[in-house]
Each structure stands twice: as C-alpha cells, then as structure tokens.
Amino acid sequence: MEPLRWMKRWQKRLRSLVRTSAVDRELDEELAFHLEMETRKHLRAGMTPQEASREAKLAFGALGQHRGDTRDARWLAWFPDLSMDFKLGGRMLVKYPGLTLVGGLAMAFGIWAGAVTFEMVTMLQNPRLGLPESDRIVQLRNYDVQERRAESRSLHDFLRWRESLRSVSDLGAYRDIERNLEVRGGDGRPVQVAEISASAFLLAPTKPLLGRTLSAADERAGAPPVAVVGYEIWRSRFASDSAVVGRSVQIGGVYATVVGVMPEGFAFPVSHELWMPLRVDGLDRSPRVGPAISMFARLAPGATLEEAQTELALIGRRTAAELPQSHQNLQPQLLQYAKPFDAPSGDLLMALAIPGFAVMLLVLVCGNVALLLFARAATRENELIVRSALGASRARIVVQLFAEALVLGGIAAAIGLAAADFGLRRWGGPFLKENMGTLPFWYQPQVSAATVLYAIGLTLLAAVVAGVLPALKVTSGMGARLRQTAAGAGGLKFGGVWTAVIITQVAFTTAFPALVFLEQRMMVRVQTFEAGFPTEQYLAAFLEPGDAPAEGAYVSADVAREKEGLLFQTDLEAVRRRVLAHPAVMGVAFIDRLPREGHRESLVELDEAQGLSAAVPATAGDGSEVIPKAPLNEVQTAYVDASYLDLVRAPALAGRLLLPGDLAPESRVVVVDQGFVDQVLLGRNAVGRRVRFAHRGDGAGSMSDNTRPWYQIVGVVKELGMGAPTQRGRAAGVYMPVVPGVKGPTNMMLHVRGDPLTIIPDVRAAANAVNPTLRLPSIQRVDQVTSGVMWVLKLWMRMTVLLTAIALLLSLAGIYAVLSFTVSRRTREIGIRVALGANARRVVVSLFKRPLTQVGIGVAVGGAMAGAFLVWIMSCQDGTCTDSGLVTPVRVAVLVLYLLLVLGVCLLACIVPTRRALAVEPLVALRAE
Amino acid sequence: MSPTPIKPPAAPNDVLRGTLDLLILKALSLESMHGWAISQRLEQLSRDVLRVGQGSLYPALQRLEEKGWVDSAWRATDQNRRAKYYELTRAGRRALGVEAESWQRYVSMVDVILRTT
C-alpha cells in the first residue's frame, strides 16, 4: 500500500477510536442521507410525501440496529467500551472482597518480588551515577597481564596521561585512605578520606553547602593544607556548625583548615566523607612506584569510549617501549565509571536468570489468581452466555475479563511497588553493605522509572495469566454449552491445568517449612556456636597495612608487598605495646580471622610412616574409589601469634600451647583442636604426629607437590570457634604460629576489663600514634562477629515465612474456590440424592474425593520435596554426616503437625460449601439452573 | 437433467452471504458513489432481483474500508447535499479481480455438480 493511503487509513482508525462521537455523528448523517434519498425516490414515483416517508422508513428498517452493526464493524470497535469494562472490574472487586484480598495480595507479592529483583539486578549491572553526563565519566587503570592483577601504583602514568591524552578531559586521581579525624572537644574517629584532584569537583559538579570545594591551587606544594567535609561528618562531628569553615582540624598527622561542607548524598569518588587535595609534587613519580591511586576522567567533547581506549592503548605501547623494565607487562585500561573492570563472565546469565525467576514466580502466583477468577467466571457463566447470545464476540468477553483482572493487577502493582520501594530504601542499602563491605554512592536502592515500567509489564502479564486464560477457558465452546445447559447437563469443568495448579501450590506450601527449618537451624547454630571463651570480654580490631614509604626505583609487586609487610609487622608490634599499656587491657594477641568468622581451608596429609592410614577409611565416601595416598581431610587453619591461645585462656588438653620460639620459620609446629583429633585422627593421640597441608589443585602447594614441609603437632586445645557457624559440620582446627602481619591484614584481639567497647577510641589513638596511615576498618566486640550474618538470616527468615503464609493462603483460597464451584455445579444432584435418602456421609465423600485427592497428592509431593531437601542437606561427605542434628523427633513431629494443619485447613475450606450443599432443599435443588 | 430454475429472492437482504463485498466492489469499479447509490446500482444491475438492505450495506462498506479496499470522503452531491462517497482503492481493484475469479470458479463447480446429478 502506498504510504499516503496507509497513513490515511491509520488516521481514520485512530479517529474512530478517539473521536467516537464525531464518527457516530457522521454515520448518522450518512444513514439520514440514505433515508432521504429513498424518500425522494418514492416521491419521484408519485407517492405523497407521507407515503414516501413511510415507505422509505419501512424499507430502511431499524435505524438503531444499522447504527450498531456498522459501529461493530469498525477497527477495535470494542475499545471505547473499555472504560465501562474497567468500571465493571472495579465493581467486581467490591462485590467479591475475599477474592480481591487474596488475589490482590498474591499479585502484589509477585510484582513486589519482580520489582525488587529487577531493581537490584539493573542497579548492579548498570549503575546510574546520577551525575551530569554520567555515561561520559570514565575510570582508568593499569593492569599487569603477567601477574593478572591491577597495578595501582600509577602516579607516573597518571601524570603522563594527563599531559598527553586528548580524548579525555579533567583527568584526576585519588588516594583512598582512612584517617582519624580529631575535632576539638571530641575523640578521634576514623573517616574515609579521598586525597583527590580538584577536577573531581568538575566531574561531579555539586554546589557546596558551605564554603567552597577543592581548587587546583590547593594541589600545589606549599599551599596550606585544606579539607572539605561531607554532610554526615559536618552533622555528627561538628554538630552542624555553620561557622565550621575556617576551623582547623587534625586529620591523621596533618592539621588542615576546613574550607567547605558538601551537601547530603555527595560521596564521590566512591563512599568518601572527607576530601583533601592530592599533592603529587611531594610524591615519588618514578614508574610503578609511589602510592596506590585510582583515576577518573571525562570523555572529551566528541570523543567516544572506543576512541579513548584506542588512544590510551597506543600511549601504553609507547610507554612499554620506553620503559620495558617496569611497563612491558602493563596494559592501560579505560572503562565507564562504576562498571567493574573484572566483571565475572556469568553476569549476563545472572541478569537474565533473576528476573526470569521473578517472572516464573509471578506466573505461578497468578496461576492461582487465575483459578480464583475462573471459579468466579464460572459462576457467572449464565451472564456470559447471555452476552454471547446477544452478539458479544468471544474477544469482547475475553477483553472484559482481562479488564477486570487488570484493575485488580493495577491496584496490586501500586501496592507491590510501594512495598518494594519501602523495602529497598529500608533494607536494600544495609543488605548490599553487608555483602560488599562499602556501599558506593551510585548504589541507592529504590524503585526507579525503569522498574516502574518493568512492573507495568509484569502487571499486564499478570492480567493476561489471571484474566485471559480463565476467560478463554470459560468462553471456549460457549454455543455448545448453551445448548447443554438448556438440556440440563453440567457446563464448565475444572480441567487438568487447575488440578496441577492446586497440587503445585499445596506441594510448595508443604515444602516451604523445610526451608524455614534450615534457616532456623542456621540461626540457632549462629546463636549457639560456641567460641569456647567469653567473647563479650574481648575486643577485635581489624588492622590493614598503612602506606609504605616511597621507593627510589621500580620494584616488582612481590618485593613491594614484602617491604610493606615488614613495615606492617613493625607497626603491629608497636601498637601491641601501646595497647598493652592501657590499664583496662589484660592481654593482646593476633589472629588472621576471628573465631566464628570462618577460617582458611586446606587439605591435611598425615605422615604415613606413622602408621595412621589404617585408622582412616581407605575408600571414598561413595565407596567407589580407593584412595591410594595418605588419608586426607579438610581442615581450618588459623594464623595466630604465640600468645593467642593464652589470651583466650584455652588450656592444653594434651602437649603444650604455642611458645614465642615457635614463631621462627624453621620451628614448624602447630597446635590442633579437639575437632581435628576426633575427625582427622579418629581419636588417636595427636601430639608428636607430623602433618602437612595442601590446597586443591595441581600446582605448587597441591597434594601432588611433595616438597611441602611437615609440621609437628605439639599440643591439643578444645574447640575455639574454628569455622563459620553457617558452615556445615564440625570444624577440624589447626593453629599455626606466625609473626603478626606476615599473612597480611590481621585482627588484633584484646582481653579487656569491663566493657570492651569503651576503649575503642584509645585503640584508634594508639594505632594513629604509631602510624597515622594504619587502617582500622572495623572494631567490634568479638561476640558481635555474627551480627551481620544474623541480620541477613533474619531477613531471609522473614521473607520465607511471608512466602509460606502467602502460598498457604493462596492454596486455601484455590481449594475453597474449586470446591464452592463443584458444589454449586452439583447442587441439583446433591439435592436429589439427599431427597432420595442418600447417606449424608456418602454425599460428603463424593464431594471431597477430588479436593482430597488434590491436597493428598500435593502434600505427598511437598513432603517428598522437603524430605529430599533435608536428605540433601544432611548428605554425608567424607564419611561424616555433617548435619544429622537437623532431623530430630521434635522437628519430625512439628513437620507432621504442619502437614496435618495444611490438610485440616484445606478440609476447613471444604466445610462451608459442603454444609451449603447438604442444606439444600430438594425442591430448590430441582429448580437450580 | 435440465437445470433447476432458481427463484429470484423475494425479500430484501437476500444477497448470498459472502457475495455482498464482491458486488459492492463491482459497483464501485465504475465510479465512486455514496451508499444509497451503491444499493440502487446493485438493484439496477440485477434488474431489481437483488435488494441490498442497509443493515448489510453499511457494515460491509465499513469492513471494506477497514481492509483498505475502498476509501471514503465527504463530498457534495449534484443537488449540493453533503454525502459520503466511496471509491475503490488499488488494492480493492486487485481484490475485485481475485474475488470475481474465485466466484466464477465456485459457480462453475456448483454448476458442474448440478448437471451431473
């Protein structure tokens, strides 16, 4: 069709939709013209005007009918009637409040789940910076392709790139440091400081609340030290003092003047709360030397990301040619800001899988709502048949039922979205922080416009599932049913699909408690997982190495790490001495991970020469494979200093505890715990045995590597919270003595008199005094270690209980609907049977047969699912049944009671309709239908 | 056997179901005209045998317009009266050829059957 005609046709179609009254007036005019012409014809034939008019009208027939027929032939002729359908839909919601409540709740839940998952996934996949032209803000870094790690000592390259890169502008850098902020009249507390280029405030242009932001002049050497503080610090540390600008504060070892306060929410570059100028003049600019920095920039006007990447790669190759020693393995990279450089490859799958799961959940939930709507539509079958007989097409009836479901879905979507927004704002941030450590400013969980669009899509899908499917079922073969109904036969029936929906729902309702059991068990384990010493008397400070002094020339990452390690060890000892001088501190020791925090896992090998292999099963767990080597088991290793076991007052059950002399690299001794003795040594004597450790894999340090050193077990202690409480089974613990700091960041544990939390400022001050760059990201009481895990578990628990309650409610509503429907269908039959003297019990049995079968199958399937799940959880590995405690007689009794409850409540749902049926008077029954 | 004479339909609206569209297309193939003129043209062409009721005519016109086979526009008649004129589109002309051929085939098939039984 030629485009002009095509456009004209669509214009007419749209006009008939939106300007119905004008189009109707034209139709009236056209029909009136026809009548007039017909009258004139009769006048010409010699009739009188009255006769002509009468004759024309007779020939014309019913004007209203013609008008209606013509209107029905229009494109989407039913569309203008939709508003009426929506009104009817609204009335239906009021008329059936039970259905509205259950169906609406179910749909709201489905949409809530979909919106939350979609928001979280899109937020993580495509973070929105919320800055002007945020898609043009980029990050840059160097990547060592040989060491397969980012090289952050890039000051040399930063300066070079700033000079030469043309495809980016405002190139800046920052150092991420934690410093104690000392405010007069308050204690020193650590804050997240960004030593940052002033261009950051061009990339993230934000008007300061007070004073000014950093300027290029502040970056010059010799300029007075200045700081810009964040809103939260200004509020909490400066008591929202409006005269803060100009005040002098101590930040780490530096006195700086506050020059500005940023508004609430500003945390560029990541989650920072205080900004100081990055002064490159005083730093070592040699290649691959100097502090760790991160870089950011804006794409120059007209430049694309690809062009910038190409230009950077070119510069990178040029630098590598000039400085092969330091740069031959370095690859400069450039990416959009906030996008992870090392995104795992499964991201796309995750991005599709999670919303996919939400859609499946919604379809399942709406399947049930469909069941309810179908049951209701079935009770309205006569109304629908009459409409059909009056000429309403099948599509018209389907649209009406769709509109009804859409009204319900619309209200449910509003509720679901509101709940999602509330939940995301309240729990989304803490949840991400719990999992990620820090929460970058671009993650602000709340319902976005994209999520609202997604929810609208979900609502339409929900309305299709819940409205159109039942409508299609109700309207199929309507003509035939009209005849059948007239002949007295039954009409609609619940088919296999509905049976499957009910069975699935009951099955899930039944199986959910297994999940609750597991979560509850986990919570109990977390709460009761004993550390073996009074953890509430201990304080733990996690210490990370401070900045290493600048190197004169390039050294490899390994050498740099080693130097940094040595400095860290010295710092730790100095901090220990200072803290020990505190009157409330009774002892200090170091351990890499805290008790109940989960420790490093490794494989242990026993010295075969000591004749232990016979004591350990020589076959694998499934009995299929004979293990040719020495017996193995997985153990948890804690790296501790020699005084740790003394600090936690753990007596030696056998042998001795660790001694300072054990720290020497050549001493090679370990202490094991009772879990090790029981599980690895199967109760045999441990002291004097030799063991060595390996990791899984084929390279150095793996089981096949025979150069690994042997360690001698010198003592046994009781179990002291090795492993994580969420970990399955009992841990086998090994305490390996190391000099504090050798294995990187470590926990300093202090035994404190009185409340350990009161000495936190003193601990920070001690660390600050030793080295202001030492970082203490967390200080907590040792019994608080599990509070984060508990928070997440409680959140999951609440969600599972909510899910179970909704599933149960839906199942009950579904069963009730089906039974009500069945009874109303069979009212006449039941009435006659009762009238003829049938035993009420037999009538009830015949009625109950179907729902009972459905519920029975559902409970059986759900029970089997729960059982399989529990068996899987308890599955024995390496000969040890790790979770045998999950199935206790009490739990089995609770589960059986729950199953009976489900069954009982389902039967309760049957009682009302059955009583109604049995109370039917035979005469009324005969008149039914 | 001689062919059975078919009685002309006596009542209006007796246009064989499915053929009205074809007849309208044929009527419009000569010139554009309004609804009443179409009904008159069909009566005239069928020598007053076929009578097209308004109850069928206007929905059929609406249908044909919807299919893109006819187009409509308001114009003044010779007596300077406003009327809605229908005309055949190019697609409508093509459709007329196809429909007419299909009808001829149908008629000849029916004819063959009637002759052989």
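Reader: What makes the area between chain B and chain A a buried one?

Author: Buried area is the accessible area (1.4 Å probe) that two parts lose on being put together, summed over both. Chain B and chain A bury about 2600 Å² between them in this predicted model, 48% of it on carbon and sulfur atoms. B:Trp36, B:Gln54 and B:Glu66 supply 28% of the area that chain B buries against chain A, more than any other three residues.

Reader: How do you know which residues are in contact, and how many are there?

Author: Contact requires heavy atoms within 4.5 Å. By that rule, 29 residues of chain B are in contact with 26 residues of chain A.

Reader: How do you know how confident the predictor is in chain A?

Author: The predictor's confidence in each residue is its pLDDT, from 0 to 100. Chain A averages 80, and 84% of its residues score at least 70. Over residues 612-632 of chain A, however, pLDDT stays under 50.

Reader: What conventions apply to the numbering and the values?

Author: Residues are numbered from 1 along each chain as its sequence is written, chains are lettered from A and ligands numbered from 1 in the order in which they are written. Because the model is predicted, local features need pLDDT of at least 70 and side-chain atom pairs count only at pLDDT 80 or more, whereas totals for chains, interfaces and linings use all residues; side-chain values use heavy atoms, with hydrogens and water left out.
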